[in-house]
Amino acid sequence: MFVLAIVLTVLLLLETLPSAIAGLTRARAGLTRLDQLTRLGLLEGRNLPVATTLGGLHLVGSAAVIAGLWVPAVGVAAGALEAAIFGWVLSRQLAHGDRGRALGAYLLFTAMALAVLIVNALR
């Protein structure tokens, strides 16, 4: 079970760490992608604190996912945090009528976060 937790943690970190960096630095590419998904007007300068907040939450979640390898309860909390973030993005997509392939990435990320939560809960 520990090996599975490591594999899932690494896979989740491959998404959360770049998202944290993009949000905290307000990198143009990250803002563009987040704006396409959420339609918050980030590229027009509106709602920029949301990008920074999401970056900070992803950073906290990433650190907690790593700590969860040693303290499974922390991993459960981290999985829940990341699932909530990805679920929020999915809800924004659905609210704006996205369907099909457009939802694929964030469905996968949400599932990965939930898998981290479940594996750590079982440990």
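Is Asp-98 buried or exposed? In this predicted model, where residues are numbered from 1 along each chain as its sequence is written, local features need pLDDT of at least 70, side-chain atom pairs count only at pLDDT 80 or more, and totals for chains, interfaces and linings use all residues. Side-chain values use heavy atoms, with hydrogens and water left out. Asp-98 turns out to be buried, at a relative accessible area of 11% (buried means under 20%, exposed over 50%, and partly exposed in between, with a 1.4 Å probe and protein chains only).

Asp-98 also has a partner: Arg-39, with which it forms a salt bridge whose closest N and O atoms are 2.7 Å apart (a side-chain nitrogen of Lys or Arg within 4 Å of a carboxyl oxygen of Asp or Glu). Asp-98 sits in the loop between α4 (72-95) and α5 (104-122), and Arg-39 in the loop between α2 (28-38) and α3 (48-67), so the pair ties together parts that are 59 residues apart in sequence. Arg-39 is partly exposed, at 34% relative accessibility.

Searching the whole structure turns up two salt bridges. Glu-44 and Arg-46 make one of them, with the closest N and O atoms 3.6 Å apart. Here Glu-44 is exposed, at 57%, while Arg-46 is partly exposed, at 48%.

Then there is a nonpolar patch on the surface, made of Phe-2, Val-3, Ile-6, Val-7, Val-10, Leu-11 and Leu-14, with about 620 Å² of accessible area together. Patches take residues with over 30% relative accessible area and no salt bridge, joining like charges within 9 Å and nonpolar side chains (Val, Leu, Ile, Met, Phe, Trp, Tyr) within 5 Å; areas come from the Shrake-Rupley method with a 1.4 Å probe, and for residues only the protein chains shown count as cover. Leu-11 is partly exposed, at 40%.

Terms used: Helices (H or I, at least four residues) and strands (E, at least two) are DSSP runs, numbered from the N terminus.
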